Amino acid sequence: MGNKGSKKSLNEKEIKFLEETTQLSRNEILEWHKKFMIENPDGYFTKKKFKDVMRMLYKDFNGDSDKLAEFSFRLFDDNKDGKITFQEWLISVILYVNKRN
């Protein structure tokens with residue numbers, strides 16, 4: 001996954017990779033990317049922002065949301081560069097959703 005997705009737009013190779021990896025359509029990928037970029041104009045989640053989002057989503061979590069965020073961040077940050085790019089995020093989310101279904 002690497003640094004792909006950390007820029008403002010996706011190229012055809014990246015879209016094709018995401019179509020094959022996530023089984024989402026081109027339009028679905030582009031829509032997810034558009035929403036991701038609105039929330040993350042730099043093209044990635046920092047660890048701090050990711051933890052803030054996790055705290056908000058899991059405010060009623062009986063465990064420690066910071067520990068959950070730390071674990072999830074390490075899991076999502078495939079290339080271990082301290083950022084979660086669109087591709088890393090989308091693939092992780094889709095894998096998580098598919099595993100739950």
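**Stop one: helix α4**

Select residues 65–76: that is helix α4, twelve residues that reach 16 Å from the first C-alpha to the last, close to the 16 Å expected at 1.5 Å a residue (the expected span is 1.5 Å times one less than the number of residues). Helices here are DSSP runs of H or I with at least four residues, strands are runs of E with at least two, and both are numbered from the N terminus. Before going on, note that this is a predicted model, where local features need pLDDT of at least 70, side-chain atom pairs count only at pLDDT 80 or more, and totals for chains, interfaces and linings use all residues. Residues are numbered from 1 along each chain as its sequence is written, and side-chain values use heavy atoms, with hydrogens and water left out.

Now show the side chains of Ser 65, Ala 69, Ser 72, Phe 73 and Phe 76, the buried residues of α4 (buried is under 20% relative accessible area, exposed over 50%, partly exposed in between, with a 1.4 Å probe and protein chains only). They sit on the same side of α4 because they cover an arc of only 105° around the axis, taken from the directions from the helix axis to the C-beta atoms.

**Stop two: the core**

Next, select Leu 18, Ile 29, Phe 50, Ile 84, Phe 86, Trp 89 and Leu 90, which touch the most other members of the 20-residue largest nonpolar core. Such a core is a set of buried Ala, Val, Leu, Ile, Met, Phe, Trp, Tyr and Cys residues joined through side-chain atoms within 4.5 Å. Colour α1 (12–22), α2 (26–39), α3, α4 and α5 to see the elements that give two or more residues to this core. Which element gives the largest share of this core? That is α5, with six residues.

**Stop three: out to the surface**

Pick Asn 27 in helix α2; at 60% relative accessibility, Asn 27 counts as exposed.

Then try Met 56 in helix α3, exposed with a relative accessible area of 56%.

**Last stop: zoom out**

Switch to cartoon for five helices and two strands, running α-α-β-α-α-β-α from the N terminus on. Of the 101 residues in the chain, 33% count as buried.
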